[in-house]
Amino acid sequence: MSRNENIHVSLRFRPLNMREIDENENNIWQVNKNSVVLKQEWAQVFQESKKLTGAPKCYNYNYCFTSKDSNLLVYETVAKRVVRASLDGYNGTIFAYGQTGSGKTYTMMGSEGADHEPISKPIRKERRSVSPFRQMKPIVKDMASPRQSKLELPKEKGIIIFALEDLFETVSVSNEKTYYLTCSYLEIYNEQVYDLISETGGFKNEVLSVNEDPARGFYVKGLSEHVVGSIVEVLTFIEKGEANRKYAVTSMNHNSSRSHTIFRLNVTSVRVLDTQDEEESSITTESVLNFVDLAGSERVSNLQDTPMLSKPPSSKPPEGRPRSSRMKSSNNLDTLLNEGKHINTSLFYLCQVINRLSEKNTAKNDMHIPYRNSNLTKILRSSLGGNSLTCIICTGTPTLAQFEMTLSTLRFGGTARTITNRVEANIRNNKNAEILQAYQRDIDVLRQQIQLAQDNGKLKAEEMETMQKQLEERILKLTHMILNKTSKEHSKKVYENVWSITSGILNIDKRLIGESKDFKVEEKIVKFDSKGVLAIERMKMMNAIFKEKDKNIQNLMESKQFLIDSKVNLKNELKKAIELSRQISDKAQKYKQKFDKEKAFRKYLDMKLKILENQEGVEKFPLCKIEALEKFYLQAIDTVKELQVRLNYKQIQEISNDSGKSYHKMWAMMGIEPIERLEESSSEEFIQTDASFYAARRNHEDTIDLSIDA
Ligand SMILES: Nc1ncnc2c1ncn2[C@@H]1O[C@H](COP(=O)(O)OP(=O)(O)OP(=O)(O)O)[C@@H](O)[C@H]1O
């Protein structure tokens, strides 16, 4: 059942800051519960200067807050209703609208402490008002019991934190419904859409497109959606997103948002009915909750007054987003003016849509609404004139200097208040199959996240454990949800149905663990007979899978280490081999030198031989010369021998005189005949032979006297 709901508009003035107090500025607005009006004394001033004729205009809103009112009061009064409704399937949008520096971020995100310093004074960094998420100290993660987690939340919490606390409080105690939440965070900077928390949780400098689908309406293609199980997880994502968001110092705000941001929570709930009707066994609600922090409208003159501005020599402003996601938008005038131009243009289109919608309400006709003019209005289409409980918090600066800008905000709020949305809860009656499909989707997303983290090597053991726990928790919930609500008589039939449905999930695991784990049809009924057994089985299975994966990772790490070691060894071996080869090559070099020398020598010899060969041959040496030589040689020998004989003969004579019989020994001493012969032959014969030998020789002698001296 749909119903008409007007956009809920409230107004909030911030307190004066230090600069305004220094400059003797005043709060010129009188705030009542549902209206604001110029204070009497200021109305008089305007009347006297003829800027105002008649009584001052009273601007009416659903609720008006004084500058002393806290964010908690704002949440309780205007936002809580929308947040709570999201749990019942109503889309909701909460956004802050107002000029720059009027307190939009303070309202949505909270603050570490209000800044009351004059902006013209040098900035004291430690007291700057920064989005609390950009100052948040590391969060101690405790996914299992988010309530007890040690969160370093900002001193002044913003609406988003209150909303999350509220949501998770309800979700965690709900027995009737099972909830699951996903979140995404986008930024529209210079009319381009960026994902502030992409798949890996970081920032991708990638422009996303806003597409239109007949069923879904406008949607951001490729925007990441993260399953969140606790407030800590959501805050971690916001913190990451805030670190990537664009801020800059301007004359109006030390920490001015340079982009519009939309933080989105998708809330799904499943309630299983106590019915035997298989076709309508559960109810699912789905809702989208948007928290929009718009960049503030600003005057060019204000931007030009910004302290510490630098004007670059080439002044073409960058159209896209600066490369470094964490970088603030640079404080040069052209960049600020370019950003300001885009902010003002998109806010102008927003006002245009609001005005048209307001006219449409009164004219009750089919008027064209120019949503397509900007990405902001495309994305907020269902929040403005569509199916959404929308609440706008208009923020204003209460000083005279900002009178015109405040007036513009007051008018915007006044117009928006007249817009009627057609609101309807997104409720569906489901079969079990659909619930299970939803869970399976959820489980698949978790699996993908685990896989992605694993692939990136970023998943630490404890993170893996947490993710695994979430996965198991969801599976457990799913099983309980179905089994608890089933009457005993029909249990078997339902179990069989559940089995056939969950087999899809089980199949995935089979794929992971191989075909060995085969579940038989008979077994399944037995398993389902005891409640929760399926979940336990599956938990065990998942545990086993993760353990196996852990082991594989361990093995891979070991193999990697082994390969690294082997590489080092091989490198050393290679070094040795190179050294050896160097030595061998040195030796080879030396041998080669020797070989070359030998070769050269051989060549030299060959050459000499050739020379000899070419000379007149030895055989051609004159024969007469040879004979003369031979003769001379023989004569020389004979001479020597004879000299010896003469010498020995004397000795023999002496000996034979002594003995007479041992003469043949004496001959032997002379070396003329062998001893045997001396023994065989008679001494006279021997002497005769010997004498004839010398006689023969004597024939050849001319000069040598062979006569033996007595
Ligand atoms: N209600 C409030 N109480 C105390 N301080 C506030 C309040 N609202 C805003 N402030 C302070 O005013 C300053 C400007 O606020 P904030 O940054 O939220 O403005 P903004 O509208 O988001 O500006 P911009 O559009 O430039 O981003 C901050 O220092 C903030 O702490």
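A residue is called buried if 20 or more other C-beta atoms lie within 10 Å of its own, exposed if 12 or fewer do, and partly exposed in between, with the C-beta atoms placed from the backbone. The model shown is predicted, so that local features need a pLDDT of at least 70 and side-chain atom pairs count only at pLDDT 80 or more, whereas totals for chains, interfaces and linings use all residues. Residues are numbered from 1 along each chain as its sequence is written.

View 1. Gly103 is placed in the loop between S7 and H4, and it counts as buried because 25 other C-beta atoms lie within 10 Å. Leaving aside neighbours within four places in sequence, Gly103 is in contact (C-beta atoms, placed from the backbone, within 7 Å) with Arg12, Arg14, Gly98 and Thr395. Thr100 lies in the loop between S7 and helix H4 (104-109), and Thr100 is buried, with 24 C-beta neighbours inside 10 Å. The unreviewed UniProt entry carries the annotation "binding site" for Gly98, Gln99, Thr100, Gly101, Ser102, Gly103, Lys104 and Thr105; UniProt positions are given in the numbering used here, feature names are shortened, and annotations may be inferred rather than shown by experiment.

View 2. Helices (H or I, at least four residues) and strands (E, at least two) are DSSP runs numbered from the N terminus, and two strands pair if DSSP finds at least two bridges between them. Strand S20 (residues 389-396) is mostly covered, eight of its eight residues being buried. Leu389, Cys391, Ile393 and Thr395 point one way from S20, while Thr390, Ile392, Cys394 and Gly396 point the other way. Strand S2 (residues 8-13) pairs with S20 in the parallel sense over six bridges, and Arg12 has Thr395 in S20 as its bridge partner. Strand S7 (residues 92-98) also runs parallel to S20, joined to it by seven bridges, with Ile393 in S20 as the bridge partner of Ala96.

**View 3. Ala79 in the largest nonpolar core.** A nonpolar core is a set of buried Ala, Val, Leu, Ile, Met, Phe, Trp, Tyr and Cys residues joined through C-beta atoms within 7 Å. The largest such core has 85 residues, of which Ala79, Ile159, Ile160 and Ile392 touch the most other members. Not counting residues up to four places away in sequence, Ala79 touches Val74, Ile94, Ile159, Ala163 and Cys391.

**View 4. The open sheet S3-S4-S5.** Three strands form this open sheet in the order S3-S4-S5, with antiparallel pairing. Strand S3 (29-31) and strand S5 (59-60) stand at the edges with a single partner strand each, so one side of each is left without a neighbour in the sheet. S3 and strand S4 (residues 35-38) are paired in the antiparallel sense over three bridges, and Val31 stands opposite Val36 in S4.

**View 5. Helix H7.** Helix H7 (residues 231-244) has 14 residues and reaches 20 Å from its first C-alpha to its last, close to the expected 20 Å (1.5 Å times one less than its number of residues). Eleven of the 14 residues of H7 are buried, so the helix is largely enclosed by the rest of the structure; among them are Ile231, Leu235, Phe237 and Asn244.

**View 6. Confidence of the prediction.** The protein chain averages a pLDDT (the predictor's confidence in each residue, from 0 to 100) of 72, and 59% of the residues score at least 70. Over residues 114-151 the pLDDT is below 50, and this stretch has 75 contacts in the model beyond near neighbours in sequence. Where pLDDT is low, the predicted coordinates should not be read in detail.

How values were computed
Two residues are in contact if their C-beta atoms, placed from the backbone, lie within 7 Å.
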